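Hello,

Here is the structure I promised to pass on.

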Amino acid sequence: MSETTPTSHTFQVDLRGLVDLLSHHLYSSPKVYVRELLQNAVDAITARRLIDDGFDADAAAVRIVTDGRRLRITDPGVGLTVAEVHKLLATIGGSSKRDEEIEGARRDFLGQFGIGLLACFTVASVITVTSRSAKDAAAPAVRWAAKDDGSYTVTEVPATERPEPGTTVELVARPGEDWLEPERVVQLAREYGSLLPVDITVEGEGEAPVRITDTPPLWEREHPNPTARRLALNRYCESVLGFPPLDVIDLDVPLSGLKGVAFVLPHATSPSARPAHRVHLKRMLLTDTADNLVPEWAFFVRCVVDTDSLRPTASRESLYDDEALAVARDAVGAQIREWISRLAAEDPARLEAFLAVHELGVKALARHDEELLAAMLPWLRFETTAGRTSLPEFARAYQPIYLAATVDEYRQVAQIAAAQGIGVVNGGYTYDGELVQALPRLDPQVKVENLQPGVISASLDALDTRTELGLQSFLAAARARLDAVDVDVVVREFNPVSVPALLLDDREARRERQRAEAEAQADDLWGGILASIKQHAPRAQLVLNHRNPTVRRIGAIADPELAGTAVESLYGQALLMSHRPLRSADTALLNRSFMNLLERVTKD
């Protein structure tokens, strides 16, 4: 068996295909070319500061000049030698930030992937880089010129043109493209680079330079007083995020090198709404749609932050969701939680204004934080039979507290329970049930029980024996009429007198009725399966209020047919008052009773 000697090959890269990949898949828009140019310029200045003790980085400036057709960006940075041009500019993935001399200082650099300059091919057909190295004073300047067909040339710049150390990048726009227009370049430069620690200007043809940078960030500046700072941050929020904030929360996470502010939304928003946090990485805008910066429960804030250590994705348009980001997210959440606790202790009026808009978010947080729950319970409001009130106040008036598991269950009994002095809390809204059940952990003297129909029926007054015997024939007719909808009929006395009837049932009874209805509508196979899981659940009860004059008159009707129709009408009203969904049998019964009553009224 013969052996073959393997041969070594080098990957060939189709630049046109790579540009298409960058513009359609890696980057969300060609506009990122401005970000990449600024990034390279600032990193070059940072690199020169590390190797040149005499370099005044604070006085360094990046200048952009464009006429719409050609754009030049110049920086006084570290520059490149001829060898570095071949190594870095012609090598995809190459980056001067991997230089061994500055490897330990990579934290100071914005870009690390080595593909940034190629992003310019999304808007330019030709890229020319003219550079002179600051590392070697004797090294000649070099010019690298590349076309979007993948070809490039490298030439030494004549000594007569010897530029100062640094780099100039020139782009020639693709035909029909307007990405190099001065107004657009100013807009994009401000979007990405307004916080960069280097002076940046953009100059159109024959126009005065426009200063781009506005540093330090507003949240790090000195202000005459807290009110002036707050007003400045409010204006910033309106101009950048588009809303006047309800409040401002300072964020500072040293472990992640993260500083900034969280603006509290002035309007309610859905917990499932996609957040849009604005994140800068080493003062360069990374994204204005970050959705993984804060915990999910903090959906009521929008953040603007800068970080120097969290990792960007390869496109540099979002944060890499790793352990470091998880730690930062938890820390941001803790600071938002501390702000809420501080309001509860120091500024109740502002807390109530916040809760009027964002109570749901606070309830979401309080489920998992008993310390915050204890602090917030006096301020959180719940729907109860005593009106909208706080749980501690409600617990002082009612023992035990009964918890209705759904909104429908609460609505069925709220009016009657209130009249009977029974304390019921509506646990059907998001998070409310969990918070009510957590109450005994904070105060062991509070007792919380799940609401059962028997709790209400046991509080209703029974009739005297003589009256109950006199209603037996009426009850027999009423029960026979409502047997089709699996409802029993009883008569009691209760307040308020204005309520003629009350429908009581529990979840097991409702599930059994739903199963029976599905069985009736199913084919033989599925109907047999449903029949096999039949349960003997308690039936729903229509409780007629004998104190109500209408009910007393109905109970005295001698005609069984008319009495049955009247009971069906009372059942229909009680059913509608409970806000329960109507089954087909219920709908048929309501229609029948309505038509029967009309027939009675119109009969000659």
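Which residue of E21 is the bridge partner of Leu503? The partner is Leu542.

Before the rest, a word on the basis. This is a predicted model, in which local features need pLDDT of at least 70 and side-chain atom pairs count only at pLDDT 80 or more, while totals for chains, interfaces and linings use all residues. Residues are numbered from 1 along each chain as its sequence is written, and side-chain values use heavy atoms, with hydrogens and water left out.

**Around E21**

Helices (H or I, at least four residues) and strands (E, at least two) are DSSP runs, numbered from the N terminus. Two strands pair if DSSP finds at least two bridges between them. Strand E20 (residues 501–504) pairs with E21 in the antiparallel sense over 4 bridges. E19 and E21 pair in the parallel sense, over 6 bridges, and Gln541 in E21 is the bridge partner of Asp488. Since 5 of the 6 residues of E21 are buried, E21 is largely enclosed by the rest of the structure; buried means under 20% relative accessible area and exposed over 50%, with partly exposed in between (1.4 Å probe, protein chains only).

**Helix H14**

In H14 (residues 472–482), the buried residues are Phe474, Leu475, Ala478, Arg481 and Leu482. Down the helix axis they fall within an arc of 130°, so they line one face of H14; the arc is that of the directions from the axis to the C-beta atoms. Exposed Ser473 and Ala480 sit on the face turned away from the buried side. The cover over the buried residues of H14 includes strands E19 (487–492) and E21 (540–545), and also helices H17 (549–555), H18 (560–577) and H19 (584–602). Contact here means heavy atoms within 4.5 Å.

**The five-stranded sheet**

A mixed, open sheet of 5 strands runs in the order E9-E10-E13-E11-E12. E9 (247–253) and E12 (284–290) stand at the edges with a single partner strand each, so one side of each has no neighbour in the sheet. The twist averages 15° from one strand to the next. E9 and E10 (residues 258–264) run antiparallel, joined by 7 bridges, with Asp247 opposite Val264.

**Arg278**

Arg278 lies in strand E11 (residues 277–281). Arg278 is buried yet has no salt bridge, that is, a side-chain nitrogen of Lys or Arg within 4 Å of a carboxyl oxygen of Asp or Glu. The nearest side chain of opposite charge is Asp288, 4.0 Å away (Lys and Arg count as positive, Asp and Glu as negative; His and the chain ends are not counted).

Best wishes

Notes: Axes are lines fitted to C-alpha atoms, for helices over the stretch in contact, and angles run from 0 to 180 degrees between N-to-C directions.
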